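Here is a friendly briefing to read alongside the model.

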2 protein chains.
Amino acid sequence: MIKILVDTLGGDHSPDVNIQGAVMALKENPDIKIIFLGDEAVISEKLSQLNCPMERVEIVHAPDEISCNDKPTDAIRHKTQSSLYKAFEMMRGNDELNALVSNGSTGAIIAGSVLRLGRIHGIKRPAFCPVMPTMNQGMVAICDSGANVECDDYMLHQFAIMANLYLQKTYNIEKPRVALLNVGVEPEKGDTVRKNTYQLLAADKTLNFVGNMESRDAISGKYDLIVCDGFAGNVLCKAVEGSCLEMLKLLKATFTKNLKTKMGALFLKKDIMRLKDFMDYNNYGGGVLLGCAKTIIKGHGSCKAITIKHCIEQAYNIEKNHLRNLIDEAISHMPALA
Amino acid sequence: MIKILVDTLGGDHSPDVNIQGAVMALKENPDIKIIFLGDEAVISEKLSQLNCPMERVEIVHAPDEISCNDKPTDAIRHKTQSSLYKAFEMMRGNDELNALVSNGSTGAIIAGSVLRLGRIHGIKRPAFCPVMPTMNQGMVAICDSGANVECDDYMLHQFAIMANLYLQKTYNIEKPRVALLNVGVEPEKGDTVRKNTYQLLAADKTLNFVGNMESRDAISGKYDLIVCDGFAGNVLCKAVEGSCLEMLKLLKATFTKNLKTKMGALFLKKDIMRLKDFMDYNNYGGGVLLGCAKTIIKGHGSCKAITIKHCIEQAYNIEKNHLRNLIDEAISHMPALA
């Protein structure tokens with residue numbers, strides 16, 4: 001039985017989607033136990049409506065929400081009745097509680113993970129690793145997507161090692177194609193950090209490093225993992241997401257423009273919906289905070305129930321496959337920091 | 001009469017598109033004179049086919065091309081028969097030759113501009129400033145899009161001042177909405193460079209600074225100018241371009257999937273073509289290297305004749321509106337570097 005804490009507060013559609021998603025995960029995975037954090041009365045009420053397997057459920061009353069307006073480091077220290085505060089408090093030092101799913105404040109989740117739970121031994125800084133859909137119906141992981149706005153080559157090398165193991169163990173990709181985000185594909189491109197990272201990744205025999213890549217190819221399907229600092233990673237993820245959504249909006253406007261275009265849209269409806277589905281980030285779970293001492297999954301703030309279900313299953317897979325131990329082991333073989 | 005040098009070598013479809021585009025610009029703008037650089041025989045032959053106003057044309061024989069495989073700094077020093085080498089050689093110290101249009105090697109263009117022509121007095125580093133189409137049929141400028149992979153706050157402030165003047169003087173935008181590319185919109189977001197730049201831009205009364213922005217909103221139409229370092233700017237531009245192109249590809253595949261979707265596509269053809277046109281970077285000219293002592297316009301490597309025409313008209317507008325003098329004047333009011 002793997003126990004997973006589910007924060008029911010902080011998302012745009014919380015607590016409904018969080019509770020619904022968790023119940024979906026519980027029903028499909030008999031080996032999961034969920035500990036809900038949030039308003040106990042609300043959670044109990046919702047669960048009773050959803051025909052939930054209550055024998056694998058616990059509820060912890062934590063009515064306060066850490067919002068995006070709270071200063072993360074302050075909130076995670078002082079908002080003691082908040083769901084995230086209580087989650088970290090419970091996980092800290094308890095070997096049976098190792099996984100948390102939340103779609104609340106990213107800042108508070110990172111602050112809590114780092115300050116309360118700590119890192120895997122040898123990890124300089126944990127990094128966020130979400131996945132994005134690619135045009136050939138696959139997916140690509142981005143690490144780091146925003147936890148660290150300033151990175152050195154040693155950190156980027158660690159991100160590559162961690163995310164590579166993550167893809168191998170939980171997505172069953174035997175030899176992930178690892179690329180370094182850069183301003184051009186030639187080895188000598190970029191700043192000093194990029195040039196040094198290129199050398200480190202190329203020399204690491206545990207990685208299938210395919211070289212530098214440009215952001216224009218991010219969703220082409222050529223890569224399984226894009227290694228980058230959190231600033232560039234954040235720019236990349238949001239630019240791809242934003243552009244695809246803007247294109248869909250424009251397409252929708254085209255379809256509803258006049259009678260003729262509406263007729264055309266009728267013929268295409270099913271296939272266009274498939275296109276939209278495919279670009280829907282809700283189908284791809286959340287980002288994992290790799291390098292943290294426990295398994296932390298962050299869903300999109302505006303995510304749906306199905307995303308929370310995927311996030312919970314992600315946490316379950318990571319725990320079942322002992323990813324944290326494997327990262328610990330891999331990092332122990334790296335040369336120590338100078 | 002404004003003289004503009006046009007490099008006819010180095011692009012994917014050179015010299016044809018360069019020569020055709022230049023002739024289009026010559027015909028529409030009686031106040032432009034073009035100096036072509038490239039293979040003289042080829043250029044003469046093409047011009048004779050295009051009914052070109054030859055009284056406003058000069059040809060400089062420079063048969064060598066600097067390719068992407070050449071090391072830019074070496075090539076710009078030693079490839080003396082190349083079109084770019086000769087262009088910089090001619091412009092250097094000649095007050096009548098102040099504008100160059102090329103769609104050749106970006107690295108060689110930057111190297112030549114910086115090493116041979118120099119910067120406007122007080123400018124720490126020139127920056128690339130292309131424009132991208134936005135979803136509301138407008139456009140947005142990005143500065144820097146890749147000339148400087150490492151930037152400090154002083155440079156970013158200069159990029160803002162230069163690009164702001166560029167938009168005011170050549171695009172007639174009275175108060176460009178200037179935003180700083182960051183990982184979130186709150187003032188305290190990002191690394192030290194971003195935090196300091198935020199303060200500088202907010203304090204500069206010559207700018208209509210609207211705060212931080214996220215890459216997901218780059219093409220939303222909310223901003224006229226996005227200020228960023230060349231690494232993040234490059235990731236942004238290529239991610240937006242790549243995502244839009246991938247979406248169009250997917251859309252095309254959907255349209256040609258079966259008889260039903262083909263029928264639908266027939267009804268939509270005209271409007272979808274408009275969508276494609278609108279996303280076509282060929283309609284938006286090239287990037288200008290702001291802060292250089294002369295006016296340098298770089299077109300996309302794979303650009304068409306119409307882009308070269310737009311690039312030449314951009315150079316013409318910049319010269320006619322004395323942008324370099326205005327930048328010189330504005331920078332002279334900045335506090336000197338510590």
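**Between the domains of chain A**

Four residue pairs are in polar contact between domain 1 of chain A and domain 2 of chain A, both residues at pLDDT 80 or more; a polar contact is a pair of N or O atoms within 3.5 Å, where within protein one must be able to donate a hydrogen and the other to accept it, and residues adjacent in sequence count only if both atoms are side-chain atoms. On the domain 1 side that touches domain 2 of chain A, α5 (106-117), α10 (305-320) and α11 (323-332) of chain A each supply at least two residues. Helices here are DSSP runs of H or I with at least four residues, and strands are runs of E with at least two, numbered from the N terminus.

This is a predicted model, in which local features need pLDDT of at least 70 and side-chain atom pairs count only at pLDDT 80 or more, while totals for chains, interfaces and linings use all residues. Residues are numbered from 1 along each chain as its sequence is written, chains are lettered from A and ligands numbered from 1 in the order in which they are written, and side-chain values use heavy atoms, with hydrogens and water left out.

**More on the two domains**

- Chain A is divided into domain 1 (1-123 + 291-338) and domain 2 (128-284), with bounds that come from an automatic or database domain assignment.
- Taken over C-alpha atoms, the centres of domain 1 and domain 2 of chain A are 24 Å apart.
- In contact (heavy atoms within 4.5 Å) are 25 residues of domain 1 of chain A and 17 residues of domain 2 of chain A.
- The two domains of chain A bury about 1800 Å² between them, with 69% of it from carbon and sulfur atoms; buried area is the accessible area (1.4 Å probe) that two parts lose on being put together, summed over both.
- Zero salt bridges are found across this domain interface of chain A, a salt bridge being a side-chain nitrogen of Lys or Arg within 4 Å of a carboxyl oxygen of Asp or Glu.

**Where chain B meets chain A**

- Contacts join 49 residues of chain B to 49 residues of chain A.
- About 4600 Å² is buried between chain B and chain A, 71% of it on carbon and sulfur atoms.
- The interface of chain B and chain A holds four salt bridges.
- Glu214(B) and Lys238(A) form a salt bridge, with their closest N and O atoms 2.3 Å apart.
- Polar contacts between chain B and chain A number 10 residue pairs, both residues at pLDDT 80 or more.
- α7 (192-203), α8 (230-255) and α9 (259-278) of chain B are the elements giving two or more residues to the side that touches chain A.
- α8(B) gives the most to that side of chain B, with 20 residues.

**Two residues to look up**

- Glu241(A) sits in helix α8 (residues 230-255) of chain A.
- Glu241(A) counts as buried because its relative accessibility is 13%; buried means under 20% relative accessible area, exposed over 50%, and partly exposed in between (1.4 Å probe, protein chains only).
- The side chains of Glu241(A) and Arg216(B) make a polar contact at 3.3 Å.
- Asp224(B) lies in the loop between β9 (208-213) and β10 (225-227) of chain B, and counts as buried at 8% relative accessibility.
- Leaving out residues up to four places away in sequence, Asp224(B) touches several residues, among them Met139(B), Leu167(B) and Lys175(B).
- The side chain of Asp224(B) reaches the backbone nitrogen of Arg177(B) at 2.8 Å.
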